[in-house]
Structures are given as structure tokens and as C-alpha cells.
Amino acid sequence: MDEKDLLILQILEDNSRLSRDEMALMAELEPDEIETRIAALEEGGVIRNYTAVIDWDKAGNGEVAAIIDLKVNPERDYGYDRIADRLSRFRQVKSLRLVTGVYDLQLMVTGRNMQEIARFVSEYIAPMDRIRETATHIIMRTYKEYGHSFMDRETKERIPYSL
Amino acid sequence: MKDFISKRAKTIPPSGIRKFFDLALTMEEVISLGVGEPDFCTPWNICEASIYSIEQGGTAYTSNRGLQPLREAISDSLGKNYGLSYDPDREMIITTGVSEGLDIAVRAVVDPGDEVLVAEPCYVSYSPCVTLAGGIPVPVPCSGKDHFRLNPDVLMERITARSKVLIINFPNNPTGAVMRREHLKAIADIVTDHDLLLISDEVYSELTYESRHTAAATVGDLRERTITLNGFSKAYAMTGWRIGYLCAPEDICNAALKIHQYVMLCAPVMGQVAALEGIRKGEDEKDRMVREYRVRRNVFVDSLNRIGLSCHLPEGAFYAFPSVEKTGMNDVEFAETLLKEEHVAVVPGSVFGEGGKNHVRCAYAVSRKELKEAIVRMERFISSHRG
């Protein structure tokens, strides 16, 4: 991993749909080298996937998302890893993190409606061994995601010429 | 009634782009590569610092020189980044943009009849400021052959017994040219030998892509005969805040300070507070913007050459300065027809002086998406005008 790799990752994180030629110009590398470097980054698991940032509210699919905080008793020898592994296998769990503070794990969960999320938490998450406490926060509105603002701001007027 | 307009005011030319400006305003979906400012908003921490300061009642005059902590921070940063050393209490003034800095610098040193050498193409205010101070602007053309650097031989040809000052601007608006240390060395010798004063506008100093900026005052013996001008507009995307600074040896600085205190009193305090936040904590945001300009430059200049507008790789600022000679049009015709037919705004190079003829200035401080669309339109334009 060198500076050029980091630059490629920055370019991809901003827009993963650029052509190899465009990326080559931006990173000041040959297109072939872009190709090999990206392949290596994929191989090495640094690049996990290529997705889109979607404003689901605007898409109007009516899904609900929640952040769920969990207090967990860590396991001897494994810490939080094994329970994290079990939790992460649920399709409903979109993200899962170990965090500092009052709670230990933080999940982002989606469902068709609030009831579905409530059922998921009470039927699958809360009863798991080692989980001592849950706190479910339904997301009411997303203002910013992955560095992209969802606020529809008026674009500032720019004069056509200035010297 | 008498004609009240002064001869000096009559002498200075009107803006060379008024006609274009008015035309562009009547059009839909104009992609403007004509704007000499960053397309980024000022980083938010800078705005927050200023908003907070206003909430705390920070709305009064500052000292004439500007906020002391800001001058200290600038002095530290100039030392760290360029090896310049200026005493923040005796050799520095915070100005209302570099525009004011240039004006008071010229007025502090130019007497009626003095010749002021102006390296062109350059920002449009230099010669009018000289004229308003009673001086005589003497253009020194920089040419595409030299990648728009100032050629020492050409400079020599323009020097007379009345020459007093040389004004340069590198990284350059409109060409993006950069003078590295080795290039400045030859100029420094001439300036010293002919006992000239140098005014160096370095407002694009943070926007260099191939090498670190060389401050003119660090070359040879130039420090004692240089006025360094710089500011926050370009590097920190702070054009509207109007904050620049002038650094010079104490006697020159004091002369400029007298003019500053009478005509400006002080630079706006909100802008000074914002600038202080920028220089203290804006480094990362600034670097991010510079990286983005570099990427855009690479893509844009490559595309210009591909569609037949030959363009040297600009090493600094955010301008590409391609030649339009091959299209058979001059720069004004090219810019006007391109605006009318494809709604792409570029600035004719001759606006920036003789040396800019047959070139157009394209600012790549616009989003990548717009740059791409601009290239599509320009390519269509060029092929439709090909014989």
C-alpha cells in the first residue's frame, strides 16, 4: 500500500464508476497499472464492494431503519468476535460496529416497517446469550450519508466571469 | 456642466469582458470556465469560527495592521512553508484582499513618471493601479515558447533609466505558469543589478502541482527589495471574505500602512477571524482541494490537447491556457462564438495583455462533471468549425 494506492482508493470512494483511462489521468499512472493495482486491492480485501449512495426516503420504498445499541458480555478467549459474527449473518443487519461508551455493539438494521424491526430485535437479538441490554433508535430522517448530504440546498449563484 | 471625470479615471480601460458577461447572463445552461475563483465553498469550520465570533460581538474595527494573532500565524506559516521571515508587528499588513495589497504597494513606491514593468499576461488590475498612481506601466510579455515564464532577456530589453518596479505573479493567472528557484534566480540578478523593486503577487502559492512554491523574496538578495503579496482567497476558497496580506521591509511597509489606514482603515474583521481559523486548522481541507484541482488539471489539459487545442501543462493555479490559433479564430472570436454556439464561457487571453493573444483562459475550478461536459461541447465546436 503506497501513496498511489491511497489516491486510487480516494478516487474510487468518490466515484467508483470512472473508466480506467480517466482514473489513470487522475492518478498519473498507466491504465494497465490502475488495473493491476485495483485487482490487488480487491484481492487483498481492501476494496470490499462497489455500491451506490441512495436516499431511500426520496426513493420512497417505505423501509424503516434503526440503530440498535447492545450491551454485551464478552466471551473468554473470543471477546466480542463470536457474537459479532452471529449478528452479522442476519440479512437485516446492514452494519455492525464495536464502539466505546455505554454500549458495546452498534447495529444498523432495516425492515419494512417499525413492527418488523421491533419483532426482529425482540425475537432474535435480545434473547441471544450474552446480550444484556438493547436500545433501539428508529431513524426518522437521514441528513448525510457517507459524506454525501441529503439536504437539497439551493446551489449558490456564481457569476459567469471573474478575472 | 463641467466634465467631472478625472483624466486618470478616463485613462484606465473598462473591463475587457463586460460584453461577454452580459451575453452569458442572457443564456441558459452556461458552463462557465470563466470564473477565477474556487468552486468549493469555504470549509465549514472556517465559516463556523466567523459565525461564532459575530455572535460574541466581534464586529468592531481591528488595528490598522490587522489582528495580531492572524499576523503571527501568517508569519509562522510563511516561515514554515516557504522559508520567508517577516516580523508580524513591523513588516506585515492584513489587506482587503490582494487587490488592496497591490494598490497600496504600488502607491507606496511609485511616483509620477516612474516606469513599472509588468510581466504579462497577468491579472487585469496591475496596469490600471500603476496608472492611477501616476506611473507608466511597461508590459513585459511572457510567451508560450517559455511556458509563459518571465524570460530574463525580454525583461532586459524593457528596462530603461526610469524603470523602478517589476510586478510579477507566479503561479500565474491566467497561464498557470510557475517560476521555480532556478528561473527566479536570473530575474533576481537583473532586479538587483538595475536597483529595481519587486512586487510579487503570490496568491496562488499553495496551488502548485509539480514542485513546492518558491517565494521570490527567498531568492538571492531579493528580500530587501521585495513586496510579497498573498491572501486566503484561492487556497482556502475564501474569495468573498476579502482577506490578503502585504509583507515588506519595514520602511516600505510603513509607507503602505499610511495609505491603508486612510483608505481602508482595516480589513473586515469577520474575514480576519475566518482567515485565522483557516491558517490554524484549514490545512487538511486545503490539501484536499489542491489534490482535486490536480486531478482535474490532468484530465482537462489532456482532453484539451486531444480535441486539438494545444496546451502546455500548467504547473500551478487552476487555469489552463490553450492556444486557439489552429482554429483560425482569434481569442476574442473564439470565446464569443463558443459562448454563443455552445454556451461555454472562457476568457479571451488578450484581456490579460498582449502576451495572451490567441489563447483563452479556462478555469478548471468547476466540478469534474461540468469539465467533462465542457470538453464535449468544445470538441463539437471545434469540429464544426474545421474547414
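Reader: What percentage of the 163 residues in chain A is buried?

Author: The model is a predicted one. A residue is taken as buried if 20 or more other C-beta atoms lie within 10 Å of its own. Of the 163 residues in chain A, the share that is buried comes to 15%.

Reader: What is the radius of gyration of chain A?

Author: Along its principal axes, the C-alpha trace of chain A spans about 60 × 45 × 30 Å. For a compact globule of 163 residues, a radius of gyration near 15 Å would apply. The radius of gyration of chain A is instead 21 Å.

Reader: How many residues does chain B bring to its contact with chain A?

Author: Chain A contributes 10 residues to this contact. On the side of chain B that touches chain A, the elements giving two or more residues are α2 (18-25), β2 (34-35) and α11 (283-306) of chain B. By class, that side of chain B has 14 nonpolar, four polar and two charged residues. The number of residues from chain B is 20.

Reader: Which residue of chain B stands opposite Ser162(A)?

Author: Strand β7 of chain A, residues 161-162, pairs with β2(B) over two bridges, in the parallel sense. The residue opposite Ser162(A) belongs to β2(B) and is Val35(B).

Reader: How far apart do the C-alpha centres of domain 1 and domain 2 of chain B lie?

Author: The domain assignment of chain B gives domain 1 as 7-42 + 284-382 and domain 2 as 57-281. Between the C-alpha centres of domain 1 of chain B and domain 2 of chain B, the distance is 24 Å.

Reader: Which element gives the most to the side of domain 1 of chain B that touches domain 2 of chain B?

Author: In chain B, 34 residues of domain 1 are in contact with 35 residues of domain 2. At least two residues of the domain 1 side are supplied by each of α1 (7-11), α11 and β10 (319-320) of chain B. This side of domain 1 divides into 16 nonpolar, 10 polar and eight charged residues. The element that gives the most, with six residues, is α11(B).

Key
Residues numbered from 1 in each chain as written. Chains lettered and ligands numbered in written order. Predicted model: local features only at pLDDT ≥ 70, side-chain atom pairs only at ≥ 80, totals over all residues. Contact = placed C-beta atoms within 7 Å. Helix = DSSP H or I, 4+ residues; strand = E, 2+ residues; numbered from the N terminus. Nonpolar A, V, L, I, M, F, W, Y, C, P; charged D, E, K, R; others polar. Pairing = 2+ DSSP bridges. Domains from an automatic or database assignment. Rg over C-alpha atoms; globule rule 2.2 N^0.38 Å. Buried ≥ 20, exposed ≤ 12 C-beta atoms within 10 Å, placed from the backbone.
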